[in-house]
Structure formats: structure tokens, C-alpha cells
Amino acid sequence: MDPISQILDMLFTVEAFLLIFVLVTLKSSVKFVPQNRAWLIERFGKYQSTKEAGLNFIVPFIDRIAADRSLKEQAQDVPSQSAITKDNISLIVDGVLYFRVLDPYKATYGVDDYVFAVTQLAQTTMRSELGKMELDKTFEERDLLNTNIVAAINQAAEPWGIQVLRYEIKDIVPPNSVMEAMEAQMKAERVKRAQILESEGDRQSAINVAEGKKQAQVLAAEADKAEQILKAEGEAQAIIAVAEAQADALLKVGEAAETEKGQKAIQLDLATKAIAAKEAIARESSVVLLPESGTDASALVAQGMSIINALNSKQKGS
């Protein structure tokens, strides 16, 4: 092989090596960071920058990716632990912690393992908050307990660049003796509520019966009142009708009395009434007094006629 061919082979080998080196260098300098992630870059072992989602460039062989942090919300299980309430009741409590990384730099260089740190902080904070509450309040005010735990953790985890979004207590398990006492208390409360509801039902029933009787009496009184009013109105109308009839009769009698036939009719009526009166006296008493001049019916009629004629003549003269 001639020297020229050897030189050409060497040049080709160097060019190929340079090309491969350039490609490797370009590949290691171009970085594509995924969405909702942050890469922390160190140069010579010192923090250099934070690369966010998208196309980024680094210096090959000098810069390196020191940490890859997720910016998504993360859920971390908080293991079961023992806690003592304000009234000295031991509980077994566990929960779930939801948090996310706000500052990747603090989460990397501010704490060695931020997940472990925030979990331990959640446990200690939960024990502290439960120690401020009585047993009954831990069940009734669980939302308030969760809120207090979140506020306390956020205050302590701020130097780590961690934000706790929420904390949820999954289970609160008291001792068996406390569970039995709580069940007995709940049973007593249910019996109490049942008795109260029963007494309220009896009370309402009695009230309804009394109201019904009262309304019945009122209706009966109103009906009696209406009946008396109608009866009185009927009697008044009857009296008015009788009076009007008597007035009409008297008016007609008076009109008839002004005629000659009417006078005779009146005389006959008076004589008839006089005879009837004496007959009634005779039936009522065993002693009958008769006038001296008349002992028969014709005499009585004549006497009645003379009295009427005398009255008529007196009226004419006046």
C-alpha cells in the first residue's frame, strides 16, 4: 500500500471520529424536559440552573443532571400511628397527604428526601393536633382537624419548597373499651330519641284531639246560635203577619160598620156573643142571674140591639 493511500485512510478515520464526537456532543448537549418536570443542572458539582419543560441546552461533559423533580400533585400515604387525645384516649390514626413541589431548588438542596421529610412532619403534626382535641371532637370536627394539620405542615415545609394541598384522615381507631362505651352511648341516645319522638307524638295527638273537640263545640254553638236566630226571625215574621192580618180585619170591619148592613151584622154578632157569654156563665156556675125584664133569648137580643142603637145615635149626635 502506497503512502498516499495510508494518509487518506488516516484522514478518513479522523473525520469519522470527529463526526461521531460531534454527534455525541450535540446529543448530550440537547435536552428535552417533559411537561410538569424540572431538571436541576450542576456544573463541576455546583448548582448551575433549573431547566423547565421544553428544549434546553447544557455544556457536554461539564454539566450534569443532578435531580429530576416532578411538579405534579403527589399523594403520599401516611402510615398508621398512635396518638393521645386531650382526654387521654389512645387512638390509631392514618391518613393521606397531597402535596406538590413549588421550588425544585429548595426541594433538592434544602432537604435530603422531601417525601420522607414531609411524611414525618405530617405524622408529628397530626399527633400534636389530636392532643389538643377531645375524643368526641376528633370524629365531629375532622374537617377542622385536617385544615389545622395542613396549615401547620405548610408553615414548617416552606423552606423545603413544598406546598401541602390537603390532608385527609382515613381511619381513627379507638381502643375496644372505648368502642364499647361509644356503642352503649349511641344506643342510649337512640333510645332517648325514640322516647322523645314517642312523647312528642302523644302530645301532638292529644293536642289534635283537644283542638278537634274545641272546633266541634264552636261549630255546635254556632249552629245553635244560627238556629235560635232563624227561630226568632220566624216568630217575629209570624207575629208581624198575625198583626197585619188583624189590622186588615179591623180595617175591613170598620169599613163594613159604616154601612146599614154592617150595623145589622155587628148587632147580630154582639147578640150572639152575649148569648154565648151567658151560656158559659151558666156552665161554670150553678147560680144564674138574669135581668128582671128578660128571661128568654129574644129579650136578650132586644137588649143588645137597644144598646147598639144607643151607641150609634150617640156617635151621630157627636
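View 1. Of the protein's 318 residues, 23% count as buried (under 20% relative accessible area with a 1.4 Å probe, protein chains only; exposed is over 50%, partly exposed in between). This is a predicted model in which local features need pLDDT of at least 70 and side-chain atom pairs count only at pLDDT 80 or more, while totals for chains, interfaces and linings use all residues. Residues are numbered from 1 along each chain as its sequence is written, and side-chain values use heavy atoms, with hydrogens and water left out. The protein has eight helices and eight strands (DSSP runs numbered from the N terminus: helices H or I, at least four residues; strands E, at least two). Among contacts (heavy atoms within 4.5 Å) between residues at least 6 apart in sequence, 64% join residues at least 24 apart.

**View 2. Helix α5, residues 142–157.** The 16 residues of α5 reach 22 Å from first C-alpha to last, close to the 22 Å expected at 1.5 Å a residue (1.5 Å times one less than the number of residues). Buried in α5 are Leu-145, Asn-146, Ile-149, Val-150, Ile-153 and Ala-157. They lie on the same side of α5, because they cover an arc of only 135 degrees around the axis (taken from the directions from the helix axis to the C-beta atoms). The buried residues of α5 pack against β7 (90–101), α3 and β8 (162–173).

**View 3. Gln-123 in helix α3.** Helix α3 spans residues 114–130 and includes Gln-123. Gln-123 is buried, with a relative accessible area of 10%. Leaving aside residues up to four places away in sequence, Gln-123 touches Val-78, Pro-79 and Gln-81.
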